[in-house]
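Q: Hey, I'm new to this one. Can you walk me through a piece of it?
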Amino acid sequence: MGAAIWYGAGRENFRWEQVDLLGPNTEEVLIKVKKCFFSAMHVRAVLVGHAKHQPPEIFGRMFAGDVVAVGANVTNVKVGMRVTLNPERPCGQCYYCQVKEWGHCLNPTLLASGGMAEYVLVPAPLVDRIFELPPNITYAEGAYTETLACILQAMDLSNIGKSDIGKSDIGNSDIVVILGDGGVGLTFVQLARLQGATKVIIAGKHDEALQQALDLGAFRVVNIQHESLEAVVNQETQGYGADVIIEAVGNRQTYEQSMSLLRCGGTAVEFGGTPPGTKFTGDPNLIHYRSLKIHGSYRYKPEHFRRALELICTKQIDLSPIITHQVLSSNLTTDAVDIHQRSDCRALVIDFP
Ligand SMILES: [Zn+2]
């Protein structure tokens, strides 16, 4: 089968090659991939490498497709089902599993190779994590479930809609600032509104995406190339600062900014991963004297995956303005990085015809 193999940093080290296709044993399932997302994390890995991945690897946790072969002992999955997959199973034994921090499990079962290939072989421990897609959900929407699960964990950490401010007479519930107007930022806008935030301010560099954010419920948009986000946050919060900042870019500046724009006791959720070697600076007293809560968010818990699928299947999240670009699998290794870096690309999905 054809597969995109990542051999480490450098465009020339991301290559479409033929690899052996293994059939399922009695406990496994074979999925023919239809759509798989190519995300900012993959751009970073191809261009500069990735702190959490070792080559060679076939990427692609966010995919959907058709079940084409099923092991004799598998009962929950049938040939012909349209499906997506929660691509990891925590070990249940390590410290992190004991404290239910599943995303940090030291010994999870993962896919040996991901969805940037024509087929994915699902190992036995992951077969019960295959979810059928209803007919009204496209493969691309189904493939977004894993991304949305990550975003839902970040939403839980943000505590949006759960602060006392929303119950007071001030008239506001949470004032949320989202840094980044990519597909993830636009998803955060929708979730923040769903979760009860009245003022969602989103900052980015792309006028079309920012207009889309307004259509999706943002209260105010800031193109940081023309306007000071700090001035807007001051104005909209009477100088207090935001209740919640969500960093959805993944660079030094936005990490620094995420702390400086918060009110006392405010919460920052750092969602974006940064290139290896990134350093940032800040004033420790900002965190200390303002009693800031700083959360990193990585991966998700199994319940986030189930909630994500439910949100997608019930159409509570509008993905149409988010999935803007597509690349054919045959052009994946040559074109995907450039397409993803276009200013109008919010999410790029790989099409396997
Ligand atoms: Zn574990």
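Predicted model: local features only at pLDDT ≥ 70, side-chain atom pairs only at ≥ 80, totals over all residues.

Q: OK, at what angle do H4 and H10 pack?
A: About 115 degrees, with the axes of H4 and H10 (residues 302-313) 8 Å apart. Helices (H or I, at least four residues) and strands (E, at least two) are DSSP runs, numbered from the N terminus.

Q: Which residues of H4 meet H10?
A: Thr145, Leu148, Ala149, Leu152 and Gln153 do, and their partners in H10 include Phe305 and Leu309. Contact here means C-beta atoms, placed from the backbone, within 7 Å.

Q: Is H4 buried or exposed?
A: 12 of its 14 residues are buried, so H4 is largely enclosed by the rest of the structure. Buried means 20 or more other C-beta atoms within 10 Å of a residue's own, exposed 12 or fewer, partly exposed in between, with C-beta atoms placed from the backbone. Cys150 and Met155 are among the buried ones.

Q: And what comes just after H4?
A: Asn159, with a positive phi of about 60 degrees.

Q: Switching to strands: how many bridges join S3 to S4?
A: Seven, and S3 (residues 29-38) and S4 (residues 63-70) run antiparallel. Strands pair if DSSP finds at least two bridges between them. Leu30 stands opposite Ala69 in S4.

Q: What stands opposite Gly65?
A: Val83 in S5.

Conventions. Residues numbered from 1 in each chain as written. Axes fitted to C-alpha atoms, helices over the stretch in contact; angles between N-to-C directions. Contact = placed C-beta atoms within 7 Å.
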